[in-house]
Amino acid sequence: MLVIVTENVPPRLRGRLAVWLLEIRAGVYIGNPSKRLREFIWGQVLEGVEEGNAVIAWNTNTESGYDFLTVGKNRRIPVDFDGLRLVSFLPPDEPEKAL
């Protein structure tokens, strides 16, 4: 199983993803492609993401049973914790202080 979630990406990238995967919600794609096709699709995301962001997650033979990659600016960042992939949050932007 493969899941790709996109935010603020160009419509042409969304159209390309819809060629290989099923868009079950706006920006959420699922499918069951081979490893080779998964790597090709992720290459298309890397080329077309522009100012947006995306995450890809797939099942694999690891301790957690899945792996994932991200691209683009987002508060959530992947971290490796003793071989276990987790997600850390960046602190929120500080609001402008009133003068």
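How many salt bridges does the structure hold? There are three, where a salt bridge is a side-chain nitrogen of Lys or Arg within 4 Å of a carboxyl oxygen of Asp or Glu. Before going through them, a note on the source: this is a predicted model, in which local features need pLDDT of at least 70, side-chain atom pairs count only at pLDDT 80 or more, and totals for chains, interfaces and linings use all residues. Residues are numbered from 1 along each chain as its sequence is written, and side-chain values use heavy atoms, with hydrogens and water left out.

Arg12 pairs with Glu50, with the closest N and O atoms 2.2 Å apart. This pair links distant parts of the chain, 38 residues apart: Arg12 is in helix α1 and Glu50 in the loop between α2 and β4. Helices (H or I, at least four residues) and strands (E, at least two) are DSSP runs, numbered from the N terminus. Both residues, Arg12 and Glu50, are exposed; exposed means over 50% relative accessible area, buried under 20%, and partly exposed in between, with a 1.4 Å probe and protein chains only.

Arg14 and Glu23 form a salt bridge at 2.5 Å, N to O. Asp67 and Arg85 form one at 3.4 Å, N to O, joining strand β5 to strand β7.

Now the buried residue. Thr6 sits in strand β1 and counts as buried because its relative accessible area is 8%. Beyond four places away in sequence, Thr6 touches Leu17, Gly27, Tyr29, Asn53 and Ala54, contact meaning heavy atoms within 4.5 Å.
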